[in-house]
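Have a look at the model first, then read on.

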Amino acid sequence: PVTGVVGWALDGVPFFAPLDSDGNDQVLKDQGTFDHCNGHSDSYGVYHYHSNPVCTYIDTPGKHSPLAGLMLDGMPIYGLLGDEGVFPTDLDECGGHSDATHGYYHYHLVASFPYTVACLQGCVDTSKL
């Protein structure tokens, strides 16, 4: 699984991986510390998301969710809903697919673990991190 920063929401706030350094589900571990936007700060004061940044986009009933951010590999991540406003059922092991609305590969946020992405499909130059 991916660790550390895995992307950025449209508001510039980083998405952190869903697992902590011990391999625990960070969202379950930190329940009660998230604000109304699903973000919180770490021990260094860095505000970030591990899951759906609900204040950054608005879903329209019957429509594909809008763009929520970009992942570290440059791929877009959209909200929870896919084509026709339905939860996608064909996401791959990383949490992405292509669909009728967006014919290119993209990720979706999901309501349960791993919340953002389980892995990254695109190329990441880790020497730059």
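Is Tyr115 buried or exposed? This is a predicted model, and in it Tyr115 counts as buried, because its relative accessibility is 7% and the cut-off for buried is under 20%. Tyr115 sits in the segment after S8, and its phi is positive, about 70°, even though Tyr115 isn't a glycine.

That segment after strand S8 (106-108) also holds Pro114. The peptide bond leading from Phe113 into Pro114 is cis, with omega near 15°.

Glu84 is another non-glycine with a positive phi, about 55°. Look for Glu84 in the loop between strand S6 (76-78) and strand S7 (96-97). Glu84 has 66% relative accessibility, so it counts as exposed, the cut-off being over 50%.

| Residue | Phi | Relative accessibility |
|---|---|---|
| Glu84 | about 55° | 66%, exposed |
| Tyr115 | about 70° | 7%, buried |

Now for the strands. Strand S1 (residues 5-9) pairs with strand S5 (residues 67-71) in the antiparallel sense, over three bridges. S5 is also joined to S6 by three bridges, and this pair runs antiparallel.

S5 and S6 form a hairpin with four residues between the strands, where Gly74 takes a positive phi near 90°.

Note on methods
Residues are numbered from 1 along each chain as its sequence is written. This is a predicted model: local features need pLDDT of at least 70, side-chain atom pairs count only at pLDDT 80 or more; totals for chains, interfaces and linings use all residues. Side-chain values use heavy atoms; hydrogens and water are left out. Helices (H or I, at least four residues) and strands (E, at least two) are DSSP runs, numbered from the N terminus. Buried means under 20% relative accessible area, exposed over 50%, partly exposed in between (1.4 Å probe, protein chains only). Two strands pair if DSSP finds at least two bridges between them.
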